[in-house]
Amino acid sequence: MKVVLFCGGYGMRMRNGAADDVPKPMAMVGPRPLIWHVMRYYAHFGHTEFILCLGYGAAHIKNFFLSYEETISNDFVLRNGKAELLSTDIADWTITFVQTGIESPIGERLRRVRDHLDGDEMFLANYADVLSDVPLPEMIDRFEKSDAGASMMVVPPQSSFHCVEMDEGGMVGSITAVSEMPLWENGGYFVLRQEVFDHIPENGDLVADGCAELAKRGRLLAYPYRGFWKPTDTVKERAALDNAYTHGDRPWALWERAAASIA
């Protein structure tokens with residue numbers, strides 16, 4: 001399936017100042033940017049046709065792939081001054097780069113790349129800034145067997161805050177961690193059918209418009225997941241992932257597990 005990645009937002013909470021024009025998906029985790037980790041995840045499952053919805057900082061993403069160095073993340077033999085790769089990352093990837101506007105909402109970005117989907121009935125989509133080890137084949141299979149127009153991975157709330165229940169006099173009756181409440185939030189991993197386009201207006205949003213309308217019609221499927229899922233909305237969250245990568249704690253890197261099992 002083709003994979004649509006939304007990578008054109010400002011990512012204000014990830015920026016270090018007005019002079020920092022690097023888009024959030026290009027924030028580094030280990031030797032590679034976030035978007036690379038997301039793409040490697042999909043490629044691990046055989047989905048290697050990517051459509052990048054570009055916007056803010058598009059040049060950084062384009063230049064990264066145009067000057068891609070395989071030797072950074074692959075073993076190689078240096079022979080007569082030339083590197084002979086023992087493995088490769090992106091040699092079998094097809095990447096379509098589409099400028100979808102600087103201010104465009106997610107839904108509008110998706111509308112602007114519809115022609116690049118070649119009419120495929122089903123396709124995948126992702127915000128390109130969240131890492132997970134969710135079993136993608138299972139998620140796709142569950143959706144294929146349903147009659148839904150879209151599937152959204154949902155995860156428990158990640159907040160560390162607590163909710164307080166109190167009476168009219170201000171006396172507290174209970175305190176509950178947000179993460180323990182029977183709530184779910186959008187996890188950012190989607191499996192979509194062309195039907196979703198019927199419910200996204202011009203300059204609309206994928207979730208607030210497209211998914212919300214499908215939900216009203218009983219055609220939005222949730223895929224609850226309690227496994228590894230980490231967003232990178234802030235510098236702190238990105239730093240935590242980078243630190244985990246440095247210490248070999250990479251549950252999202254399923255391709256590394258596969259390589260290790262072969263070895």
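Let's open with Arg-193, whose charged end sits over the ring of Phe-143, 4.3 Å from the ring's centre. By that I mean NZ of Lys or CZ of Arg within 6 Å of the ring centre and within 35 degrees of the ring normal. Arg-250 does likewise with Tyr-245, its charged end sitting over the ring at 3.7 Å from the centre.

A word on what we're looking at: this is a predicted model, where local features need pLDDT of at least 70 and side-chain atom pairs count only at pLDDT 80 or more, while totals for chains, interfaces and linings use all residues. Residues are numbered from 1 along each chain as its sequence is written, and side-chain values use heavy atoms, with hydrogens and water left out.

Now, the sheet. Strands pair through backbone hydrogen bonds, either parallel or antiparallel. Here we have an open sheet of 7 strands in the order E7-E4-E1-E8-E13-E10-E14, with mixed pairing. Strands E7 (94-99) and E14 (220-224) stand at the edges with a single partner strand each, so one side of each has no neighbour in the sheet. On average, neighbouring strands are turned by 25° against each other, direction ignored. Helices (H or I, at least four residues) and strands (E, at least two) are DSSP runs numbered from the N terminus, and two strands pair if DSSP finds at least two bridges between them.

Let's walk along part of that order. E1 (residues 2-7) and E4 (residues 49-54) pair in the parallel sense over 6 bridges, with Val-3 opposite Phe-50 in E4. E1 also runs parallel to E8, joined by 3 bridges, and there the bridge partner of Val-3 is Leu-124. Then E8 pairs with E13 in the antiparallel sense over 5 bridges, and Leu-124 stands opposite Val-191 in E13.

On to the helices. H1 (residues 34-44) lies across E1, E4, E7, E8 (122-126) and E13 (185-193), and runs at about 165° to E1. H4 (residues 136-144) packs on the sheet too, touching E8, E10 (150-155), E13 and E14, and its direction makes about 55° with that of E13. Those angles run from 0 to 180 degrees between N-to-C directions, with axes as lines fitted to C-alpha atoms, for helices over the stretch in contact.

Is Arg-40 buried or exposed? It counts as buried, at 15% relative accessibility. Leaving aside neighbours within four places in sequence, Arg-40 is in contact (heavy atoms within 4.5 Å) with Asp-89, Trp-93 and Trp-255.

Next, the inside. The largest nonpolar core has 50 residues, and Leu-5, Tyr-42, Leu-52, Phe-65, Met-153 and Trp-252 touch the most other members. H1 supplies the largest share of this core, 8 residues. A second, separate core of 21 residues includes Val-4, Phe-6, Leu-117 and Ala-125. A core here is a set of buried Ala, Val, Leu, Ile, Met, Phe, Trp, Tyr and Cys residues joined through side-chain atoms within 4.5 Å.

And the aromatics! The structure holds 14 aromatic pairs. Rings of Phe, Tyr and Trp (its six-membered ring) pair if their centres lie within 6.5 Å; planes under 30 degrees apart count as stacked, over 60 as edge-to-face and the rest as tilted. Phe-64 and Phe-65 have ring centres 4.9 Å apart and planes at 75°, so that pair is edge-to-face. Phe-64 and Tyr-68 are edge-to-face as well, because their planes stand at 85°, with centres 5.5 Å apart. Phe-64 and Tyr-68 are both buried, and Phe-65 counts as buried at 10% relative accessibility.

At 2% relative accessibility, Tyr-189 counts as buried. Beyond its neighbours within four places in sequence, its contacts include Ala-125, Asn-126, Met-139 and Met-153.

Technical notes
Buried means under 20% relative accessible area, exposed over 50%, partly exposed in between (1.4 Å probe, protein chains only).
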